[in-house]
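Hello,

Here is the structure I promised to pass on to you. Please open it first, and then read my notes below alongside it.

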Amino acid sequence: MTAAAASTDPRTTLARPDLAEQALEGVVRAAAYRPVRAMYGAVPTADIHADADPASERIDQLLFGEAFDVLDQRGDRAWGRARRDGLVGWISLSSLTTAARRPTHRVAAVSAALPLNALVSETEVAADALAPIGAFETDPVAVAERLLGVPHELGARSSTATDCSGLVQQALYACGLPGPRYSDQQAELGRAVERAGARRGDLVIWLADAGDHSWTGHSAFVLDADRVLHATGHHGAVVIETFAEADARYRADGFHAPVFRRLQG
């Protein structure tokens with residue numbers, strides 16, 4: 001995706017024909033422009049949906065302490081953008097707070113009272129589960145390995161449940177690396193490498209054609225020369241399996257040939 005296309009990607013652009021955020025005036029056309037109102041996640045995880053109806057597709061989640069920029073409201077439903085990963089959608093207002101937050105730590109443990117990468121003050125979670133803001137891990141795969149067995153759920157992105165791209169995103173966040181929400185966005189991270197040269201920590205992504213769903217492919221970490229680590233609906237959890245098994249299954253399901261991306265080094 002080019003920078004120009006990314007700037008108006010409807011998944012991350014807070015704009016509709018009738019309303020857009022003030023910052024987009026002169027960039028996108030809308031009937032009206034308004035400033036956003038910053039709110040913050042007040043529950044461990046809050047679902048973000050594609051439409052105002054809470055029965056619509058879950059496309060993302062907001063973790064405790066993350067900012068959500070609200071632009072519109074219908075009853076208890078707020079339309080806006082999750083600031084950390086940029087996704088636009090609808091969330092329950094009751095899961096948000098207007099109290100301004102200045103987090104000092106992120107949750108670094110996967111079994112704490114709040115999910116991995118939640119943003120907190122040092123008094124909100126046990127000290128041994130925290131890392132100071134700006135202190136990061138160095139191996140995304142090691143983070144993902146701690147999430148083995150976590151249930152797979154479409155639209156989830158936490159240490160209690162996750163989809164494939166959510167697992168990759170959370171492992172990257174824990175290491176201070178960019179973590180886009182969707183597989184097609186993750187397929188543009190880093191640089192391309194060949195299958196024969198793939199190594200631990202590389203991403204392997206099977207892209208999919210557009211459909212009546214928000215997901216755009218399947219993301220996994222390369223664990224070693226023969227295995228991948230990923231969250232998969234086939235197994236219902238975060239698992240390790242051979243690349244050959246995963247590749248055969250996704251190609252049989254109509255996914256494209258895998259691409260490999262090196263994030264570091």
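Is V110 buried, partly exposed or exposed? With a relative accessible area of 25%, V110 counts as partly exposed; buried means under 20% relative accessible area, exposed over 50%, and partly exposed lies in between (1.4 Å probe, protein chains only).

Before going on, a word on the source: this is a predicted model, in which local features need pLDDT of at least 70 and side-chain atom pairs count only at pLDDT 80 or more, while totals for chains, interfaces and linings use all residues. Residues are numbered from 1 along each chain as its sequence is written, and side-chain values use heavy atoms, with hydrogens and water left out.

Back to V110, which sits in the loop between β10 (105–107) and β11 (119–120). Helices (H or I, at least four residues) and strands (E, at least two) are DSSP runs, numbered from the N terminus. Leaving aside residues up to four places away in sequence, V110 touches L116, R146, L147 and S159, where contact means heavy atoms within 4.5 Å. The C-alpha atoms of V110 and T160 are 8.2 Å apart, although 50 residues separate the two along the chain.

Now to the domains. The chain is divided into domain 1 (15–97) and domain 2 (136–262), with bounds that come from an automatic or database domain assignment. Taken over C-alpha atoms, their centres are separated by 26 Å. At the interface, 12 residues of domain 1 are in contact with 16 residues of domain 2. Together the two domains bury about 1000 Å², 42% of it on carbon and sulfur atoms; buried area is the accessible area (1.4 Å probe) that two parts lose on being put together, summed over both. R58, Q61 and D85 supply 41% of the area that domain 1 buries against domain 2, more than any other three residues.

What holds charge against charge here? The rule finds 5 salt bridges across the interface of domain 1 and domain 2, a salt bridge being a side-chain nitrogen of Lys or Arg within 4 Å of a carboxyl oxygen of Asp or Glu. D85 forms a salt bridge with R157, with 3.8 Å between the closest N and O atoms. Strand β5 (residues 58–63) gives the most to the side of domain 1 that touches domain 2, with 6 residues.The structure as a whole holds 23 salt bridges. One of them joins the side chains of R16 and D72 (2.8 Å, N to O). This pair links distant parts of the chain, 56 residues apart, with R16 in the loop between α1 (3–7) and β1 (20–21) and D72 in strand β6 (residues 67–74). R16 is buried at 16% relative accessibility, and D72 is buried with a relative accessible area of 16%.

R81 and E21 form another salt bridge, their closest N and O atoms being 2.6 Å apart. R181 also forms one with D163, at 3.0 Å between the closest N and O atoms, and both R181 and D163 are buried. Finally, a network of salt bridges links D60, E66, R84, D85, R157, D163 and R181.

Best wishes
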